[in-house]
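Subject: Model for your attention, with notes on its contacts

Dear colleague,

Please find below the structure that I promised to pass on. My notes on what was found in it follow directly after.

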Amino acid sequence: MREYGKVGPTFWTGETGKKIKKAGPNAQIVALYLQTAPGSNMLGLYYLPIPVLAHETGMTLEEASKALQCLSEVGFAEYDHDSEHVFLPRMAHYQIGSGLTIGKDGPDKRVVGIKKQLETLRKNPFFNRFLELYREPYHLQEVSPSEAPQKPLRSQDQDQDCQEHLQEQAQEQEQKVSVSVVPT
């Protein structure tokens, strides 16, 4: 378990943060939880059963699942229900940095730490996706891809659930804003 996690102010004001806000408070809570969860790591690849997520956030299983799906829709997180693994594609960028350097004394010591942690995550269905994103910036050329099957694309049914949720949120907002004018 890591001792700390970075959450930048753009969590609330950035482009993705604004999309998460539109998805509702449960999506915001789950997004913050995913970045700071006890089982999380700096790479954003970890095991997280939905019952644990629901318990620790105080949500029902349905609310936690729907929030995860909405986070997937906005590109914040990906979840594999079969293996119960989550992947936050930008987590390493925010926790480690956009790239690491190789100096005259060798690579940044974090490269060694990343490689060591990656070796424990080979069965994670998002392992190869992580390598696609971070192989170059983190100097992971010698890390071989996993032979585990790649994560399939999410289904249209799940996409529809989140879209319906976002439409419900928009309708609620419109109802709050609309004001009846009664002639006097």
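I begin with Glu78, which, leaving aside residues up to four places away in sequence, touches His85, Val86, Phe87, Pro89, Phe126 and Arg129, where contact means heavy atoms within 4.5 Å. Please bear in mind that this is a predicted model, in which local features need pLDDT of at least 70 and side-chain atom pairs count only at pLDDT 80 or more, while totals for chains, interfaces and linings use all residues. Residues are numbered from 1 along each chain as its sequence is written, and side-chain values use heavy atoms, with hydrogens and water left out.

Glu78 is found in strand S2, residues 78–80 (helices, H or I with at least four residues, and strands, E with at least two, are DSSP runs numbered from the N terminus). With a relative accessibility of 17%, Glu78 counts as buried (buried means under 20% relative accessible area, exposed over 50%, and partly exposed in between, with a 1.4 Å probe and protein chains only). The side chain of Glu78 is joined to that of Arg129 by a polar contact of 2.6 Å (a pair of N or O atoms within 3.5 Å; within protein, one must be able to donate a hydrogen and the other to accept it, and residues adjacent in sequence count only if both atoms are side-chain atoms).

Turning to the chain as a whole, its secondary structure comes to nine helices and five strands, and from the N terminus on the elements run α-α-α-β-α-α-β-β-α-β-β-α-α-α. Of the 184 residues in the chain, 39% are buried, and among contacts with a separation of 6 or more, 67% are between residues 24 or more positions apart.

Helix H7 deserves a separate paragraph. Its buried residues are Val111, Ile114, Lys115 and Leu118; seen down the axis of H7, these fall within an arc of 100 degrees, so they line one face of the helix (the arc is that of the directions from the helix axis to the C-beta atoms). These buried residues pack against strand S1 (45–47), strand S5 (106–107) and H8, whereas the face of H7 turned away from the buried side carries the exposed residues Lys109, Val112 and Lys116.

The side chains of Lys115 and Glu142 meet in another, at 2.7 Å from N to O; Lys115 lies in helix H7 (residues 109–119) and Glu142 in the loop between helix H8 (127–134) and helix H9 (156–177), so the pair ties together parts that are 27 residues apart in sequence. Glu142 itself counts as exposed, at 66% relative accessibility.

Finally, Glu15 and Lys19 pair through their side chains in a salt bridge of 3.6 Å, N to O, and both lie in helix H2 (residues 15–23), four residues apart, which is about one turn of the helix. Glu15 is exposed at 62% relative accessibility, while Lys19, at 39%, is partly exposed.

Notes
Salt bridge = Lys/Arg side-chain N within 4 Å of Asp/Glu carboxyl O.
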